[in-house]
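Hello,

Here is the structure I promised to pass on. Please have a look at it, and then read my notes below.

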Amino acid sequence: MSQQEGGTLRTKVQRLGSHLSGMIMPNIGAFIAWGLITMLFIPTGWIPNEQLASLVDPMIKFLLPLLIGYTGGKIVHDVRGGVVGATATMGVVVGADIPMFIGAMIMGPLGGYAIKKVDQLLAGKIRTGFEMIVNNFSAGILAGLLTIFAFWGIGPVVRGVSSFLASGVDVMIGVGLLPLVSLLIEPGKVLFLNNAINHGILSPIGVEQAAEFGKSILFLLETNPGPGLGILLAFLFFGRGTAKQSSSGAAVIHFLGGIHEIYFPYILMRPLLIVAAIAGGMSGVFTFSLFNAGLAAVPSPGSIFALLAMTPRGNYLGVIVGVVVATAISFIIASIILKTAESEEEDLKSASEKMQTMKGKKSRAAEVLASVKGPTNKVVFACDAGMGSSAMAASTFRNKVKEADLDTVEVANTSINNLPDDADVIITHRDLTERAKEIRPDAEHISVENFLNSPEYEELLTRLKQQQR
């Protein structure tokens, strides 16, 4: 497979992952609310209450799937898509004895897509005065048909798939093979598939387990901050150059803020470190399994505070020890890799400069200035979910813009799938730039190696200052 084909495949996988996580991420607050109610009021909770515990089942079986279905439809075709998607989701929800998150992820976008096509078909063909009745009845009839289709066609298939996946997880836990999933999770995270893995795959199955047992270890597989913390600490003690200088701040943002994307560039700079991440992840999962630890709901972001907030009674020791063990193992292996690395290896800044040279860009500033079509009024930082590394980078750059008195320049952050039409400059990690260009080809795109500390920021800031003179 050529490098271009590999990049295209990765882009397609990332796009699919973004659509999956895009249906979950906006509804994380509802998931956390359900997790807190479950953790507090079920018979084994902190303050058991039979009346309040009656909220648990309807929320997980109806509220959460319908929210996902609505969000999935809205992504495709705004509010009309959301309404049809949520209605169609009822077809897989009713009669199911398990939470239908996977079914909602299917019917939500399908409902949105279907009504979008219907609207396109009817565009310009409705007589004046009949717009409202046609729009309402077209959405209602289509939603009804999709609901019946979901009930008879999609629901049974999803129930079978969910049962199969849940059984597979149970088998892996039973035979002690669950730590092996880190072989897939850790490399996937570095390729910016972390939200897809967590919210698109692990969370739906984990919620089913939590509904039955009050907790699930699956909520800890991707969100464990230990592997990333170990790698950043290794850079702090044994790294060089910009990577060493920025590692302490990155460690705080990662461990306390839960922005895991912050350590991905450190691994991309020295790919062998993925071994440390995998070993840390596997050791953490093994420890969680040993202590029979789990969380009541998905923690988001993956901060140590979020993990502890979602930890049910009797699981704190296992969760804390698992994070500590993952950190220690990852730190030891990453330290060995960094200490034995050749001294002339580049740091983050020189790696970024070398990448530009390899691309034939002798003068980044000259290239950027040549491509600018007008004044820059809006700078947008974009990452996969729009809540992690992009928010951090936007906040940092916004402060620089404010210090420079650039009042006409707006700095914002968003997800890669929701790039605004009025963005003049879009800043993404290099692994996401291709997707950003596909979505907004008319904007100026800046690709960075590290959201925390990139030389491109100063170049852009200098250009913005010159713009206002």
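Where helix 11 meets helix 13, the contact (heavy atoms within 4.5 Å) involves residues including Val275, Ala279, Gly280, Ser283 and Phe288 in helix 11 and Gly318, Val321, Gly322, Val325 and Ile329 in helix 13. By class, this contact has 13 nonpolar, 7 polar and no charged residues; Ala, Val, Leu, Ile, Met, Phe, Trp, Tyr, Cys and Pro count as nonpolar, Asp, Glu, Lys and Arg as charged, and the others, Gly among them, as polar. Helices here are DSSP runs of H or I with at least four residues, strands are E runs of at least two, and both are numbered from the N terminus.

This is a predicted model, in which local features need pLDDT of at least 70 and side-chain atom pairs count only at pLDDT 80 or more, while totals for chains, interfaces and linings use all residues. Residues are numbered from 1 along each chain as its sequence is written, and side-chain values use heavy atoms, with hydrogens and water left out.

The axes of helix 11 (residues 274-290) and helix 13 come within 8 Å and cross at roughly 155 degrees. Axes are lines fitted to C-alpha atoms, for helices over the stretch in contact, and angles run from 0 to 180 degrees between N-to-C directions. The two helices are therefore roughly antiparallel (over 145 degrees; under 35 is roughly parallel, 65 to 115 roughly perpendicular, the rest oblique).

Helix 13 also packs with helix 8 (residues 226-238), at about 40 degrees and with the axes 7 Å apart, so helix 8 and helix 13 are oblique to each other. Among the residues in that contact are Leu229, Leu233 and Phe237 of helix 8 and Ala326, Ser330 and Lys339 of helix 13. Its classes come to 13 nonpolar, 5 polar and 1 charged residues.

Further along, there is an open sheet of 4 strands in the order 2-1-3-4, with parallel pairing (two strands pair if DSSP finds at least two bridges between them). Strand 2 (410-415) and strand 4 (444-448) are at the edges with a single partner strand each, so one side of each has no neighbour in the sheet. Strand 1 (residues 378-383) and strand 3 (residues 425-429) share 3 bridges, and Val379 has Val425 in strand 3 as its bridge partner.

On confidence, the mean pLDDT (the predictor's confidence in each residue, from 0 to 100) of the protein chain is 81, with 83% of residues at 70 or more. Over residues 349-373 the pLDDT is below 50.

Best wishes
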